[in-house]
Amino acid sequence: HLETYDTTTIRASTPMYLLSRKIKAYGIKMVLSGEGADEILGGYLYFHNAPSSTEFHRECISRVSNLHHFDCLRANKSTMAWGLEVRVPFLDQAFLEYSIPLHPNLKLKNKKEKYILRYAFDDNENPYLPEDILYRQKEQFSDGVGYSWIDKLKEYIDTINTDNYSLEREPNETNESYYYRNIFYELFPNKSVPIIRWEPKTEWEGVGSDPSGRAQSVHNESNNN
């Protein structure tokens with residue numbers, strides 16, 4: 001369904017695909033989803049390592065510009081596989097035009113990702129969410145469904161014999177990425193357009209290459225549940 005071999009897209013799409021099946025089984029035909037918020041507001045944990053406000057803003061622009069390769073592709077493919085319509089209110093044009101120019105100091109403040117969005121729902125008299133939930137650290141969807149999902153997936157792939165695979169390994173390609181790429185070309189052998197991979201901004205000091213938020217040093221392991 002995905003038509004991509006990008007690692008983080010596959011990690012997140014699998015639980016979203018299963019969730020969509022369950023939602024459709026209830027007879028629900030349309031859902032709202034939060035795609036775009038992290039890209040617009042610098043919500044990924046590696047944004048803590050941005051060397052300057054200018055670099056932070058440029059990365060937001062880059063992420064939004066490539067949403068069709070990653071989060072929007074995932075949301076569309078995973079839901080429509082079950083005939084479930086997904087709508088993404090954070091990508092409303094008016095919201096984009098207002099939010100993109102906001103200064104990074106409003107997007108990442110007090111070490112809280114997407115701070116201004118959280119603050120918009122911070123109402124002591126009529127709280128939308130408990131404060132410990134409203135301001136808790138960001139978890140990417142593939143981590144948030146349970147850390148064991150990615151851990152066991154990687155462990156399983158490491159047991160697979162890939163010696164008979166026809167593709168040559170790319171530089172620094174993990175077993176997981178190599179496994180997905182081989183499956184992709186078995187399904188789409190004539191695919192000529194290269195697939196773009198989602199990777200954190202590893203040019204920034206201290207940013208890990210694994211797309212999981214847990215790979216970043218700012219991640220708080222106490223979030224494990």
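Is Asp38 buried or exposed? With a relative accessible area of 11%, Asp38 is buried, where buried means under 20% relative accessible area, exposed means over 50%, and partly exposed covers the range in between (1.4 Å probe, protein chains only). The model examined here is predicted, so local features need pLDDT of at least 70 and side-chain atom pairs count only at pLDDT 80 or more, while totals for chains, interfaces and linings use all residues. Residues are numbered from 1 along each chain as its sequence is written, and side-chain values use heavy atoms, with hydrogens and water left out.

Asp38 sits in helix 2; helices (H or I, at least four residues) and strands (E, at least two) are DSSP runs, numbered from the N terminus. Contact, in what follows, means heavy atoms within 4.5 Å. Once neighbours within four places in sequence are set aside, Asp38 is in contact with Gly43, Tyr44, Lys114 and Lys138.

Helix 3 comes next. The buried residues of helix 3 are Phe56, Glu59, Cys60 and Arg63. Seen down the helix axis, these buried residues fall within an arc of 105°, so they line one face of helix 3; the arc is that of the directions from the helix axis to the C-beta atoms. The partners against which they pack are helix 2 (37–41), helix 6 (104–107) and strand 3 (108–109).

Arg63 and Glu39 are 24 residues apart in sequence, yet 5.3 Å apart in space, C-alpha to C-alpha. Apart from neighbours within four places in sequence, Arg63 is in contact with Glu39, Tyr46, Trp198, Glu199, Pro200 and Lys201.

Attention now turns to charged pairs. A salt bridge is a side-chain nitrogen of Lys or Arg within 4 Å of a carboxyl oxygen of Asp or Glu, and a search of the whole structure finds 20 of them. In one of these, Asp210 pairs with Lys154, with 3.7 Å between the closest N and O atoms. Asp210 lies in the segment after helix 11 (175–187) and Lys154 in helix 10 (residues 147–158), so the pair ties together parts that are 56 residues apart in sequence. Asp210 is partly exposed, at 23% relative accessible area, and Lys154 is also partly exposed, at 33%.

At 11% relative accessibility, Glu173 counts as buried. It meets Arg181 with the closest N and O atoms 2.8 Å apart, and both Arg181 and Glu173 are buried. Glu173 also forms a salt bridge with Arg197 (2.9 Å, N to O). That pair links distant parts of the chain, with Arg197 in the segment after helix 11 and Glu173 in the loop between helix 10 and helix 11, 24 residues apart.

Phe121, Tyr128, Leu129 and Ile133 form a nonpolar patch with about 390 Å² of accessible area together. Accessible areas come from the Shrake-Rupley method with a 1.4 Å probe, and for residues only the protein chains shown count as cover. Patches are made of residues with over 30% relative accessible area and no salt bridge, joining like charges within 9 Å and nonpolar side chains (Val, Leu, Ile, Met, Phe, Trp, Tyr) within 5 Å.
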